[in-house]
Amino acid sequence: MKIIFLGAPGAGKGTQADIIADRLGIPTISTGAIIREALKNGTEMGLKAKKFIEAGELVPDDVVIGIIKERLAKSDCQNGFILDGFPRTVPQAEALDSMGVALDKVVSIEVPDEKIVERMSGRRVCAKCGASYHIAFNPSKDGKTCDKCSEELTVRKDDAPEVVLSRLEVYHSTTEPLKDYYSLKGILKLVDGVGSVDEISCRTLSALEV
Ligand code: AMP
């Protein structure tokens, strides 16, 4: 299956994408994670993206479209994939169409802004493997280190409250119009993203009809 997960930053896209991808045996492709890895490694693309990501702005379309083209060409994508955080603009969605990607479903995880701000303040991530936790809703086993690789958990720079507000603004003005884009194609499913991680996974699986 070829699936897109849409949703505001902090809506739980990454958490759900990982759970559903495991269940379906397909990879999750997160442009945010690829960019953060490039930033950590100091690559040219990472340096180009740095000022945008730290300000909570979108990285230019040509950069992310390049990342996705390269990633989708890898052999593990042949049986399907979940895109987490791409597309985020109409030109990115059009670029995906022009690559000939035939999407099965687009899931939008719906969470009100007030909840997002509350959630982002408790998010903790593993800088090594990218796993994401929440101090109250989805803590790691010891609350401090990553369950998968034992690395110490940190707060993402772009989860600072002022950056979260600007990321939400960008989401509503630039990314949310994609709901109309995919609704017109008849493949959009809205999922209520308020509840426990398990509840939302169940809703997502039923929206995907798998
Ligand atoms: P995420 O981990 O999906 O929340 O992404 C973190 C940041 O990476 C975003 O705030 C953007 O600066 C950048 N980013 C990730 N995906 C995209 C995309 N599809 N288009 C533009 N910028 C992106």
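Going by class, the shell around the ligand is made up of 6 nonpolar, 4 polar and 6 charged residues. For that count, Ala, Val, Leu, Ile, Met, Phe, Trp, Tyr, Cys and Pro are nonpolar, Asp, Glu, Lys and Arg are charged, and the others, Gly among them, are polar.

Before I continue, the conventions. This is a predicted model, so local features need pLDDT of at least 70 and side-chain atom pairs count only at pLDDT 80 or more, while totals for chains, interfaces and linings use all residues. Residues are numbered from 1 along each chain as its sequence is written, and side-chain values use heavy atoms, with hydrogens and water left out.

Back to the ligand. Of the 16 residues around it, the nearest are T31, R36, E57, G85 and Q92; a residue is near if one of its heavy atoms lies within 4 Å. Helix α2, residues 31–41, supplies the largest share of the shell, 4 residues. Helices here are DSSP runs of H or I with at least four residues, strands are runs of E with at least two, and both are numbered from the N terminus.

Which backbone atoms does the ligand approach? A polar backbone atom of E57 is 2.6 Å from a ligand oxygen. For ligand nitrogen, the distance is 2.8 Å to a polar backbone atom of G85 and 3.0 Å to one of V59. On its own the ligand has 480 Å² of accessible area, and the protein covers 96% of that; the areas are Shrake-Rupley values with a 1.4 Å probe.

Next, a sheet. Three strands form an open sheet in the order β6-β5-β7, with antiparallel pairing. Its edge strands, β6 (132–134) and β7 (153–154), each pair on one side only. Pairing requires at least two DSSP bridges between two strands. β5, residues 123–126, pairs with β7 over 2 bridges, and V125 has T154 in β7 as its bridge partner.

Last, the cysteines. How many disulfides does a search of the whole structure find? The result is 0, where a disulfide is a pair of cysteine sulfur atoms within 2.5 Å. For C77, the nearest cysteine sulfur is that of C129, 19 Å away. C77 counts as buried because its relative accessibility is 5%; buried means under 20%, exposed over 50%, and partly exposed in between, with a 1.4 Å probe and protein chains only.

C149 has 22% relative accessibility, so it counts as partly exposed.

Note on methods:
A polar contact is a pair of N or O atoms within 3.5 Å; within protein, one must be able to donate a hydrogen and the other to accept it, and residues adjacent in sequence count only if both atoms are side-chain atoms.
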